[in-house]
Amino acid sequence: MSERRYDVVLLGATGFTGALTAAYLVENAPPGLKLALAGRNQAKLEKLRSDLKAPELDLLHADVEDPESLRTVAGSTRIVVTTVGPYVRYGEPLVAACAAAGTDYLDLTGEPEFVDKMYVAHHAKAVETGARLIHCCGFDSIPYDLGVQYTVEQLPRRVPIKVDGMIRAGGKPSGGTWETAITAFSRGKQHLDAHRARRRAEERPTGRSVKVSPGRIHRLQGFWAVPLPTIDPQIVRHSAVLLDAYGPDFTYSHYAAVKRLPMVAGGIVGMGLLVAAAQVPPARKALINRIKAGDGPSPEQRAKSWFTARFVGSGGGKRVVTEVAGGDPGYDETAKMLGECALSLARDELPKTSGQVTTASAMGPMLRARLVAAGISFRVISTEEY
């Protein structure tokens, strides 16, 4: 690995989130870090390099529909970062290339089907070669993965632990994020099949219980807590499986925090209509076309965006409330999270891991310290004995 030409290659740099990630890496890379940008459109890459005022950056040809180009890129670098989605459509050839080459892989997916399929298809090979395959390195799912780990650290060790997570956020989607969401809504059966295949293939923790509970609508921390079926509980569960520090019996529930109960009913109805429309190809295409690929919120809009993730953890007679908070969740903070993941893998002294792992198990407190230094807050709100 030390003989490879690059430390980090960013694929998808000319997309909306990719360009933000490229800018973050250029601005925050330590001296000596060998960074390159990759994509299929040379002219767009050259324009981005000019906009970034970084003439030293190498530009590499890579096309997600050309597996050989991906193998070439994976073999040239220690770490590949990709922002090219929907990952269920475009992502697997790059995961395969990285797993085979022993190259660390980072993405921004929020697609449970993709993560499960990649575990079944490429986890074993990555363990063999030493590659770390780390999905969900943005708003999905770092605030929850690291937030739950931070909460567990505040509780007694070797006791049963329960954590409830709640999210509030304000922001607007980009074209790529919108397309990924609508695509995921249309693939319910494929999602279920991938989940079942992973459950058959995945090793269970020995002598420990780790589970995700869907929970119920109830009052929590001054809000209505509404069960939120995102990928985040899946990632938290995987971390708890990999890390004994989560205790002998760990349970996590994931919620949206809603101020008024009528908003809950409206949200459920609206989501149901969106999922139903996504099943019909013409309606799905019309929905996807509502936001053009490459479009996204303006800097002014992103400056007004925010997120707060709050966690209520209990175990061993202690109850703790913690919070992770930051600015624009989908783009500015996501680019920061993804960029710091790459820098952590490239520069930090980390525990030895391989295969499909998580941000908490692979980077954990080292990544959290980076994010705090970059302006994302982790804090304890309250503790009490019971």
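Predicted model: local features only at pLDDT ≥ 70, side-chain atom pairs only at ≥ 80, totals over all residues.

User: How many residues does α7 have, and what is its reach from first C-alpha to last?

Analyst: Helix α7 has 12 residues and spans 16 Å between its first and last C-alpha, close to the 16 Å expected at 1.5 Å a residue.

User: Is α7 mostly covered or uncovered?

Analyst: Mostly covered, since buried residues make up 11 of its 12. Among the buried residues are I142, Y144, L146, Q149 and Y150.

User: What describes two packed helices?

Analyst: Two numbers are used: the angle between the axes and the distance between the axes. Take α7 (residues 142-153) and α16 (residues 364-373): their axes come within 11 Å and cross at roughly 110°. Angles from 65 to 115 degrees count as roughly perpendicular, so α7 is roughly perpendicular to α16. The crossing of these two helices, α7 and α16, is left-handed.

User: Which residues make the contact between α7 and α16?

Analyst: On the α7 side they are I142, L146, Q149, Y150 and E153. On the α16 side they are G364, P365, L367, R368 and L371. By type, the residues of this contact of α7 with α16 comprise 6 nonpolar, 2 polar and 2 charged.

User: Why would residues three or four places apart on a helix point the same way?

Analyst: An α-helix has 3.6 residues a turn, so residues at that spacing point the same way. In α7, I142, L146, Q149, Y150 and E153 take part in the contact with α16.

User: At what angle do α14 and α16 cross?

Analyst: Helix α14 (residues 332-347) crosses α16 at roughly 130°, with the axes coming within 10 Å. That angle makes α14 oblique to α16. The crossing of α14 and α16 is right-handed.

User: Which residues of α14 meet α16?

Analyst: From α14 come K336, M337, E340, C341, L343, S344 and R347, which meet M366, L367, R370 and L371 of α16. The residues of this contact of α14 with α16 divide into 6 nonpolar, 1 polar and 4 charged.

User: Now a single residue. Is P233 buried or exposed?

Analyst: Buried means under 20% relative accessible area. P233 has 8% relative accessibility, so P233 counts as buried. P233 belongs to helix α10 (residues 232-242).

User: Which residues does P233 contact, leaving aside neighbours within four places in sequence?

Analyst: P233 is in contact with V212, L228, Y252 and H254. Residues separated in sequence can also be compared by C-alpha distance: P233 and Y144 are 89 residues apart along the chain, and their C-alpha atoms are separated by 8.0 Å. Y144 is one of the buried residues of α7.

Terms used
Residues numbered from 1 in each chain as written. Heavy atoms only, no water. Helix = DSSP H or I, 4+ residues; strand = E, 2+ residues; numbered from the N terminus. Buried < 20%, exposed > 50% of the residue type's maximum accessible area, 1.4 Å probe, protein only. Contact = heavy atoms within 4.5 Å. Axes fitted to C-alpha atoms, helices over the stretch in contact; angles between N-to-C directions. Parallel < 35°, antiparallel > 145°, perpendicular 65-115°, else oblique. Left-handed = near helix turned anticlockwise from the far one by under 90°. Nonpolar A, V, L, I, M, F, W, Y, C, P; charged D, E, K, R; others polar. Expected span 1.5 Å × (residues − 1).
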